Amino acid sequence: MASKSAEKSISAYGDARSTVEGKPLDAETVRKMNAYFRASMYLCLGMLYLRENPLLAEPLKLEHLKARLLGHWGSDAGQSFTWMHMNRLIKKYDLDVLFVSGPGHGAPGIISQSYLEGVYSEVYPDKSEDAEGMKKFFKQFSFPGGIGSHATPETPGSIHEGGELGYSLSHAFGSVFDNPNLITLTMVGDGESETGPLATSWHSTKFLNPIVDGAVLPVLHLNGYKINNPTVLARISHDELSSLFVGYGWKPYFVEGSDLDSMHQAMAATLEQCVTEIKEHQKKARETKTPFRPHWPMIVLRTPKGWSAPREVDNHLLEGFWRAHQIPITDVRTNPAHLKLLEKWMRGYKPEELFDKNGTLIPELKELAPTGNSRISANPVGNGGLLRRPLHVPDFREYGFTDIVPGLTTKGGMTNMAKFLRDVVAKNMHNFRLFGPDETESNKLAEVYKAGKKVWMGDYFEEDKDGGNLAPDGRVMEILSEHTCEGWLEGYLLSGRHGLLNSYEPFIHVIDSMVNQHCKWLEKCLEVEWRARVASLNILITATVWRQDHNGFTHQDPGFLDVVANKSPEVVRIYLPPDGNTLLSVMDHCLRSVNYVNVIVADKQEHIQFLNMDEAVQHCTKGLGIWDWASNDQGAEPDVVMASCGDVSTHEALAATALLREHLPQLKVRFVNVVDLFRLISAIHHPHGMSDGMWKSTFTTDKPIVFNFHSYPWLIHRLTYKRPGQHNLHVRGYKEKGNIDTPFELALRNETDRYSLAIAAIDLVQSLGNTASGVREKLVNEQLAGKAEAFDNGIDPEHIRNWKWPFAKQ
C-alpha cells in the first residue's frame with residue numbers, strides 16, 4: 001500500500017518516503033539502531049583518517065592522522081544502514097544471509113560492520129575489540145602492509161571486491177544457485193548500474209528456480225553521484241524507474257530520505273516485507289513442487305551521498321554531493337580549521353556513548369548483531385572453499401578413443417569429450433553447472449543435455465519440445481552475455497561449487513577484465529591464511545581462430561591467451577591439447593584442480609587423432625615432448641626442429657614434416673609438441689616451467705626451430721626469452737591477417753600452412769645449401785595451386801582437406 005507521503009520527489013532529503021507503510025520498531029529499538037549507525041560511521045571515518053588516538057581521548061592533532069588519506073566515504077552510510085537492518089531480520093527469522101557490496105570501494109561501511117559484530121577481531125586477533133585493537137584496525141586501512149580500500153579477500157564474508165564495477169548481481173546470483181536457504185543481500189551502486197554487465201544481470205531472475213535456488217535481494221543505492229557526475233538512475237522519475245524494473249521482472253520498493261528516525265522505520269518495514277515475500281515464493285514453489293518465476297522484490301534506497309557528513313564545508317556542498325565520494329575533507333593536514341571540523345564531526349557521533357572506556361562496543365549495541373555463523377561476515381558461504389567438496393569425476397580414460405590409427409583416423413574430440421562432461425554433470429547434480437553464451441550446442445557439447453538441460457524460467461512454446469532442451473531444473477546456464485555467464489560462474493565457485501565456461505574464442509575477449517579481476521582475487525587469497533581454496537575457474541575456448549575462416553576477420557582473434565599469460569604464474573594455466581585423448585586428460589586435470597584459472601583451447605571440429613590414451617596421459621603429464629613417431633632423427637643430431645602448440649597448428653606442422661621427409665629424406669627432422677604452454681617458461685619464473693637443460697635436450701641450442709603456434713607468435717618469443725639458442729627460434733602464428741577464407745587460405749595468409757612451414761625449414765637449414773632449391777620451388781607451386789583451387793571452388797583441395805600422415809607409426 002502506498003504511503004500518503006510517497007510524493008514523486010527524487011530528492012534524497014527529508015522524512016522517509018516509502019512504498020511500504022508501518023513502524024515496526026519501538027522507540028528504544030530506534031534509539032539503539034541510531035547508536036549502532038553512529039558507531040559504524042565513526043569507525044568508517046577512523047579508517048579514513050586516523051592512526052592514533054582512536055577514541056579521541058585527547059584533542060585531535062596532526063600526529064594522529066595518516067600521512068596519506070585514502071579511501072571512499074560516499075556509499076559507506078547506505079551500506080552500513082542496510083547491513084544493520086538485515087541483522088534484525090536474521091535474528092528474527094533465523095536467516096542465512098550473505099552480503100555483496102557492489103560499490104566495494106565503500107569497504108569501510110562493511111568492514112566496520114564486521115568489526116562491530118566481532119568477526120573481524122576473531123579473524124584478526126590483533127584487531128581486538130578495545131582501544132589498542134581499534135587503533136590497529138584504523139591504521140591498516142589503505143596503508144602499506146595493511147588492506148586495500150575495497151571489499152578485498154582480506155574482508156571476512158566477502159566474495160566480491162567491488163573494485164571494478166558491474167558484477168555484483170551476477171556474482172550474487174552465482175552464490176544462490178543450488179543454495180536454497182541463502183539470501184544474498186546485494187548493494188547495487190547507482191554508478192555501477194550504468195555498466196553494461198550490471199544492466200544485463202537484472203535478467204538473472206529468468207534463471208532462478210525457487211525450488212532449488214536461494215534468492216538475491218538487490219538494494220539499488222541511489223546516493224545520486226559518481227566521482228564527479230550525477231548518476232542516471234537518480235535523475236529519472238519514480239514512474240520511469242519503476243517501469244524499468246517491473247520490465248526487468250522485479251517488484252521495486254522505495255525507501256527515500258535522510259531523517260534517521262523515520263528512515264529506520266521505513267527500512268525495517270520494507271526489508272521485512274521483501275524477506276517475507278521471498279519466503280512465501282519459495283514456500284509455494286517447494287510445497288507444490290512447481291517452479292515459477294515471480295516478480296522478486298528489490299529495494300530502491302535513496303539517501304544522501306556521504307550521509308551524516310557536514311552538509312557544507314567552506315560554503316561548498318559536501319554531504320549529498322559528489323565531493324563526498326572519496327575522502328570528504330581532503331586538507332585536514334594543512335588546514336587547521338578543517339582539522340577542527342573533522343574532530344567536531346567525529347565527536348558528533350558520540351563515541352564515548354558507544355564504546356566503553358576500554359574501547360569495546362557497549363553490550364546493548366552488541367546485542368543487535370546475530371551470533372556465531374549467523375553473523376553476515378561469518379557466513380561460511382563468504383569463504384566458500386570451506387564448503388567445497390571434491391567432484392565425483394568418472395575415469396576419463398574410459399571415454400578415450402581406442403579404435404584409431406594415429407595420424408590417419410579423423411574424429412571429433414570435442415563431441416567425444418562431451419560424453420565425459422555429460423557424466424560429470426550427472427554425478428554432480430547439486431554442485432556443478434556448465435555456463436556459456438548460447439553456444440553449448442554449437443560447441444558440440446549437446447551430449448550434456450542428457451544429464452541436465454538448459455535452465456529456463458521464462459515462458460515455453462510448443463516447438464521447444466523439438467530440440468529446445470529447456471527445463472526449470474536444468475544444469476546448463478546460457479544467456480547471450482559473456483559477462484553474466486562469467487559472473488554467475490565466479491559466484492558459484494567462490495561459494496564452494498564447481499563449473500565450466502565454454503565460449504567461442506573470438507568473443508572470450510568480452511570478459512578479459514573479469515578474468516583479470518578473478519586472477520587478482522585468487523592470487524591475493526593465497527596470502528590470506530584463513531581463505532580456503534576454491535575450485536578452479538575453467539574456461540573452454542573453442543570455435544577457434546583457424547576454423548573461423550567462414551565467419552571472417554571479426555571472428556579471428558586468439559589473443560585471450562596473451563591476457564591470461566600476463567597474470568601471476570601462481571594462478572593461471574593454459575593448455576592446448578592436440579587431439580581428443582589429450583583433451584580428455586587435460587579436462588580431467590582442470591576439473592579436479594583448485595585456485596587456478598585454467599584455459600583450455602581446443603577446436604570443436606573433427607580432426608586427425610594422434611595419441612592413444614596411455615600416450616596422451618604421458619604427454620599431458622610432461623606438458624611437452626618429442627613425438628618420436630613423427631621424427632626421423634633417432635640416434636642422430638636433427639637438422640631442424642619442427643614444433644607445434646594447438647590442434648590445427650599441430651596438424652599443419654605435421655603435414656610440413658611429412659613434406660620434408662617425402663622430398664628430402666636425408667633431412668633429419670625432430671617433431672616437438674607442446675600441450676602445457678607454460679612449460680616453455682624457465683622453471684625460475686613459473687612452477688610449470690622447465691630447466692635450460694631440458695630445453696636443450698628437446699629443442700637443441702644450435703639448430704633452427706620452426707614453431708607453429710595457435711595464437712600470436714610474439715607470445716612464444718616472450719615465454720622463451722633468454723632460452724639457450726633462442727635466436728634459432730622462428731615462430732609462426734596468427735598475424736592479424738584474415739578474411740572470408742577457406743581454412744587453407746587463412747593459414748596461408750598468416751604463413752602457418754604446411755608449405756610455408758616446410759619452406760621456412762628449408763631456408764633455415766644451412767647444411768642444405770642450394771641443394772633443395774628444386775624442392776622449395778615445387779612446394780611454392782603446390783602452395784599457389786592450392787590457393788587458386790580454393791579461390792575458384794570455395795573449398796580446399798582434396799589432398800589438403802583430407803590429408804593423412806603418410807608414414808607408418810613405429
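In which helix does His 171 lie? In this predicted model, His 171 belongs to helix H6, which spans residues 168-176. The relative accessible area of His 171 is 7%, so the residue counts as buried.

The domain assignment divides the protein into three parts. Domain 1 covers 30-380, domain 2 covers 396-607 and domain 3 covers 626-802. Taken over C-alpha atoms, the centres of domain 1 and domain 3 are separated by 57 Å.

Trp 307 is buried, as is Phe 37.

Ring pairs also build a cluster. Its members are Phe 173, Phe 177, Trp 202, Phe 207, Phe 245, Tyr 248, Trp 250, Trp 456 and Trp 488. Charged side chains meet aromatic rings as well. The charged end of Lys 284 is placed over the ring of Phe 292, 4.7 Å from the ring centre. Arg 661 lies over the face of Phe 807, with 4.2 Å to the ring centre.

Helix H3 (residues 107-116) is largely enclosed by the rest of the structure, because ten of its ten residues are buried. The buried residues run from Ala 107 to Leu 116 and include Pro 108, Gln 113 and Tyr 115. The cover over the buried residues of H3 includes helices H1 and H2. It also includes strand E2 (96-101), helix H4 (119-123), helix H5 (131-140) and helix H12 (363-366). Just after H3, Gly 118 adopts a positive phi of about 90°.

Strand E14 (residues 498-504) is likewise largely enclosed, because seven of its seven residues are buried. In a regular strand, side chains alternate between the two faces of the sheet. His 498, Leu 500, Asn 502 and Tyr 504 point one way from E14. Gly 499, Leu 501 and Ser 503 point the other way. Residues on both sides of E14 are buried. Strand E10 (residues 432-436) runs parallel to E14 and is joined to it by four bridges. Within this pairing, Phe 435 has Leu 501 of E14 as its bridge partner. E14 also runs parallel to E15, through five bridges. Leu 500 stands opposite Asn 538 in E15.

The loop between strand E15 (537-542) and helix H16 (560-565) holds Phe 553. Phe 553 has a relative accessibility of 39% and therefore counts as partly exposed. Its contacts, apart from residues up to four places away in sequence, are Tyr 734, Glu 736, Lys 737, Gly 738 and Asn 739. Phe 553 and Ser 40 are 513 residues apart in sequence. Their C-alpha atoms are 54 Å apart in space.

An open sheet contains five strands in the order E19-E21-E20-E22-E23. The pairing is mixed. Strand E19 (624-626) and strand E23 (729-732) form the edges, each pairing on one side only. From one strand to the next, the twist averages 20°. E19 and strand E21 (residues 669-674) pair in the antiparallel sense over three bridges. Leu 624 stands opposite Val 674 in E21. Helix H19 (residues 647-663) lies across strand E20 (640-645), E21 and strand E22 (705-709). H19 runs at about 160° to E20.

Terms used. Residues numbered from 1 in each chain as written. Predicted model: local features only at pLDDT ≥ 70, side-chain atom pairs only at ≥ 80, totals over all residues. Heavy atoms only, no water. Buried < 20%, exposed > 50% of the residue type's maximum accessible area, 1.4 Å probe, protein only. Phe/Tyr/Trp six-rings, centres within 6.5 Å; stacked < 30°, edge-to-face > 60°. Lys NZ or Arg CZ within 6 Å of the ring centre and 35° of its normal. Pairing = 2+ DSSP bridges. Helix = DSSP H or I, 4+ residues; strand = E, 2+ residues; numbered from the N terminus. Axes fitted to C-alpha atoms, helices over the stretch in contact; angles between N-to-C directions. Contact = heavy atoms within 4.5 Å. Domains from an automatic or database assignment.
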